There are 2 protein chains.
Amino acid sequence: MRVLVVEDEPHIAAAVERGLRAEGFGVDTAEDGEKGLLLARRNEYAVIVLDLMLPGRNGYDVCRTLRASDVMTPVLILTAKDGEYDEADALDLGADDYLTKPFSFVVLLARIRALLRRGAPQRPAVLTAGDLWLDPGAHRCGRGESLLELTPREFALLEYLLRHPDTVVSKTELLAEVWDAWFEGDPNIVEVYVGYLRRKIDTPFGRAAIETVRGVGYRLDGKGG
Amino acid sequence: MRVLVVEDEPHIAAAVERGLRAEGFGVDTAEDGEKGLLLARRNEYAVIVLDLMLPGRNGYDVCRTLRASDVMTPVLILTAKDGEYDEADALDLGADDYLTKPFSFVVLLARIRALLRRGAPQRPAVLTAGDLWLDPGAHRCGRGESLLELTPREFALLEYLLRHPDTVVSKTELLAEVWDAWFEGDPNIVEVYVGYLRRKIDTPFGRAAIETVRGVGYRLDGKGG
DNA sequence: GACGCCCCTGAGAGCACGCTGAGAGCGCGG
DNA sequence: CCGCGCTCTCAGCGTGCTCTCAGGGGCGTC
């Protein structure tokens with residue numbers, strides 16, 4: 001899930017970037033409108049966070065140009081409260097939401113999530129497969145009554161599998177989504193972590209939620225094994 | 001005192017708007033859910049009057065989305081008596097009151113006044129987690145009978161955690177919310193203050209209300225540890 | 001039935017992350 | 001002007017997580 005941040009004030013850009021990364025987003029930044037446009041056209045972003053006051057090509061211009069070239073990525077506009085621009089204009093130009101500085105980071109996150117939700121179907125708060133459950137918000141998971149202690153990596157892996165139940169996910173896909181899009185290490189790492197997971201969520205319960213599909217990948221049984 | 005009316009039937013919208021204006025309210029109207037959402041997010045309303053049967057995005061959806069993006073403005077739901085929706089559902093979604101059409105304007109006004117009296121952000125006077133309690137108004141907190149002496153920063157941190165019990169809050173989020181939205185210092189400060197807090201609220205009582213979720217953040221146990 | 005590929009697993013190295021103690025800076029009150 | 005308390009920085013340390021590697025075993029194929 002990648003986000004593009006177009007913002008010329010370095011400390012704001014850095015704070016937003018750091019925060020979004022901590023929330024699991026991939027982040028690209030651009031310090032002016034020109035670069036923002038380039039990146040927005042070249043890549044597929046889930047959301048674009050766009051400052052209005054930019055050197056050179058301003059946010060209005062960027063937003064209009066994007067829409068004109070059929071880039072329909074949701075755009076969230078940032079601007080100073082006392083700016084010369086009006087929020088109504090921004091929304092007319094095809095922006096999807098609007099936030100005035102200074103704003104709380106949590107609000108920014110909530111807005112971004114809301115934008116993402118609009119496009120995607122609503123996801124339930126807790127993911128389950130049979131008696132196996134995982135709560136992304138509380139960062140907890142378990143099998144029936146038992147709470148399971150997972151490391152961050154194990155948790156991320158299980159979460160991904162639970163989001164794609166009864167579907168074979170390839171090792172490459174897991175590497176890209178759970179690890180890093182540009183992961184270059186030993187792909188064996190996936191097998192290792194699937195092993196760790198099985199020892200925690202399957203073996204103690206005599207179940208087998210994660211099935212190996214030889215030569216293809218892994219499949220999580222929607223009924224928990 | 002502004003009110004947002006989201007209603008697609010023009011004559012009802014007009015009647016409600018006229019009536020509310022006569023009572024001294026500022027009124028914005030939206031004829032569908034999408035516009036309603038935009039306005040609700042953009043502006044601060046005292047109350048939102050929301051019809052359930054709307055073209056496109058219906059009232060349920062609007063209400064749920066608003067709550068999900070942390071807009072806590074009181075919502076009063078309007079709906080036809082024989083509609084397919086149930087009152088209980090509406091309240092579950094985070095609506096605050098409920099009125100079936102046809103309704104008398106006087107009743108609508110009374111309900112709106114009641115909602116305003118309740119106060120917009122319906123916050124409990126005292127936040128608790130098990131025997132741990134914090135009174136934001138009195139600026140006091142304690143564990144059971146014992147009063148705890150916290151510095152302002154410690155207090156703010158605990159308050160934030162208590163407002164998000166059983167949820168993992170990231171260090172970034174804490175930096176942004178308890179410190180400053182654009183905090184640039186050493187993020188280690190969060191660990192330091194969590195340490196201070198634990199020494200005051202956990203160690204002396206042999207409890208562990210604040211749990212560390214490695215690589216993600218901290219979680220306050222809703223039962224106080 | 002034999003071979004080869006893929007997967008599994010145990011051991012271990014490296015290191016990132018979080019915790020803590022010490023102390024500097026600063027504002028405020030005495 | 002001094003002392004106190006709060007905030008924040010910094011560096012060291014320990015834990016346990018992540019990842020690598022190599023060997024063994026299972027499954028499919030020929």
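**View 1. A:Asp51 and its UniProt annotation.** In an unreviewed entry, UniProt places the feature "modified residue: 4-aspartylphosphate" at A:Asp51. UniProt positions follow the numbering used here, feature names are shortened, and annotations may be inferred rather than shown by experiment. This is a predicted model: local features need pLDDT of at least 70, side-chain atom pairs count only at pLDDT 80 or more, and totals for chains, interfaces and linings use all residues. Residues are numbered from 1 along each chain as its sequence is written, chains are lettered from A and ligands numbered from 1 in the order written, and side-chain values use heavy atoms, without hydrogens and water. A:Asp51 sits in strand β3 (residues 47-51) of chain A. Helices (H or I, at least four residues) and strands (E, at least two) are DSSP runs, numbered from the N terminus. A:Asp51 counts as buried because its relative accessibility is 2%. Buried means under 20% relative accessible area, with a 1.4 Å probe and protein chains only.

**View 2. Helix α7 of chain B.** This helix covers residues 171-179. Seven of its nine residues are buried, so the rest of the structure largely encloses it. Among the buried residues are B:Leu174, B:Leu175 and B:Trp179.

**View 3. The protein surface near DNA strand D.** Helices α6 (152-163) and α8 (188-201) of chain A and of chain B each supply at least two residues.

**View 4. Side chains that meet DNA strand D.** A polar side-chain atom of A:Arg153 lies 2.7 Å from a phosphate oxygen. The side chain of A:Arg214 has an N or O atom 2.5 Å from a base nitrogen. For B:Asn188, a side-chain N or O atom is 3.2 Å from a base nitrogen.

Key:
Polar contact = N/O pair within 3.5 Å; in protein donor to acceptor, adjacent residues only side chain to side chain. Buried < 20%, exposed > 50% of the residue type's maximum accessible area, 1.4 Å probe, protein only.
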